[in-house]
Amino acid sequence: MPAETKVEASAARATRSDSPPLTERQEARRRRILHASAQLASRGGFDAVQMREVAESSQVALGTLYRYFPSKVHLLVATMQDQLEHMHGTLRKKPPAGETASERVAATLMRAFRALQREPHLADAMVRALTFADRSVSPEVDQVSRQTTAIILDAMGLENPTPEQLSAVRVIEHTWHSALITWLSGRASIAQVKIDIETVCRLIDLTTPEEST
């Protein structure tokens with residue numbers, strides 16, 4: 001078994017959920033790793049992200065890299081969560097326009113989509129990682145889902161959504177991810193993506209409780 005594979009297999013067995021919070025130095029190291037991952041993916045997509053190159057670019061030992069991210073899929077899914085977090089911050093500084101919650105969510109998701117459109121190789125690498133993710137990547141996938149949900153709820157202007165509204169948010173999230181996949185594979189145009197997102201966002205209006213008079 002190659003040395004890299006041994007390190008990966010060993011790291012994959014580690015339990016990350018019980019790990020203590022990162023120190024300031026560890027967090028800085030993690031940020032360098034995510035930055036290196038995004039840069040390599042932006043240049044050449046999924047295949048360009050090689051763990052050894054990420055380690056060299058972020059100036060960490062290969063074994064250290066695997067302790068943070070047991071595989072390339074773990075790393076790229078975490079990179080997507082990080083990109084969405086940055087995107088969320090940008091959206092909060094300039095909230096979407098729209099008279100209704102559904103219009104604001106559609107506008108928000110299209111802004112996020114266009115941000116990913118400007119980095120097609122990076123978008124493809126992150127979406128492929130999500131597609132390849134198995135149960136071992138569940139914590140990272142859950143983080144992506146939570147971040148996407150937070151973006152949608154912020155656009156809706158909701159702090160305490162109903163179960164029906166949360167269900168609508170999940171369907172919208174699934175549609176958005178599916179739209180990314182179909183666009184990246186060349187099976188959908190930007191115009192079609194916009195129509196699909198605007199259509200699914202109408203679920204918000206259908207699940208909004210009527211105000212009592």
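How are H6 and H8 oriented to each other? The section on H6 and H8 below takes up this question.

## Overall make-up

This is a predicted model. The protein chain has eleven helices and zero strands. Read from one end of the sequence to the other, the pattern is α-α-α-α-α-α-α-α-α-α-α.

Of the 213 residues in the protein chain, 40% are buried. The accessible surface of the chain is about 12,000 Å², and carbon and sulfur atoms account for 51% of that surface. Among contacts between residues at least 6 apart in sequence, 75% join residues at least 24 apart.

## Helices H6 and H8

Two packed helices are described by the angle between their axes and the distance between the axes. Helix H6 covers residues 101–117 and helix H8 covers residues 138–156. Their axes come within 8 Å and cross at roughly 140°. H6 and H8 are therefore oblique to each other, which answers the opening question. Their crossing is right-handed.

On the H6 side, the residues in contact are Ala101, Arg104, Val105, Thr108 and Leu109; on the H8 side they are Ile151, Ile152, Ala155 and Met156. Sorted by class, this contact has seven nonpolar residues, one polar residue and one charged residue.

## Helices H5 and H7

Helix H5 is made up of residues 72–93, and its axis comes within 8 Å of the axis of H7, with a crossing angle of roughly 120°. H5 and H7 are therefore oblique to each other. H5 passes H7 in a left-handed crossing.

From H5, the residues Val73, Leu76, Val77, Thr79, Met80 and Gln83 take part in the contact; from H7, the residues are Leu122, Ala125, Met126, Ala129, Leu130 and Phe132. By class, the contact has ten nonpolar and two polar residues, with no charged residues.

## Helices H2 and H7

H7, which spans residues 120–132, also meets helix H2, which spans residues 24–44. The axes of H2 and H7 come within 6 Å and cross at roughly 110°. This angle makes H2 roughly perpendicular to H7. The crossing of H2 past H7 is right-handed.

In H2, the residues that meet H7 are Ala38, Ala41, Ser42, Arg43 and Gly44, and their partners in H7 are His121, Leu122 and Ala125. By class, four of the residues in this contact are nonpolar, three are polar and one is charged.

## Arginine 29

Arginine 29 is also part of helix H2. Apart from its neighbours within four places in sequence, arginine 29 is in contact with Val60, Thr64 and Tyr68.

## Histidine 177

Histidine 177 lies in helix H9, which runs over residues 163–184. Is this residue buried or exposed? Histidine 177 counts as buried, because its relative accessibility is 16% and the cut-off for buried is under 20%.

Leaving out residues up to four places away in sequence, histidine 177 touches Met80, Val144 and Thr148.

Notes: Residues are numbered from 1 along each chain as its sequence is written. This is a predicted model: local features need pLDDT of at least 70, side-chain atom pairs count only at pLDDT 80 or more; totals for chains, interfaces and linings use all residues. Side-chain values use heavy atoms; hydrogens and water are left out. Axes are lines fitted to C-alpha atoms, for helices over the stretch in contact, and angles run from 0 to 180 degrees between N-to-C directions. Helices (H or I, at least four residues) and strands (E, at least two) are DSSP runs, numbered from the N terminus. Angles under 35 degrees count as roughly parallel, over 145 as roughly antiparallel, 65 to 115 as roughly perpendicular and the rest as oblique. A crossing is left-handed if the near helix is turned anticlockwise from the far one by less than a right angle, and right-handed if clockwise. Contact means heavy atoms within 4.5 Å. Ala, Val, Leu, Ile, Met, Phe, Trp, Tyr, Cys and Pro count as nonpolar, Asp, Glu, Lys and Arg as charged, and the others, Gly among them, as polar. Buried means under 20% relative accessible area, exposed over 50%, partly exposed in between (1.4 Å probe, protein chains only). Accessible areas come from the Shrake-Rupley method with a 1.4 Å probe; for residues, only the protein chains shown count as cover.
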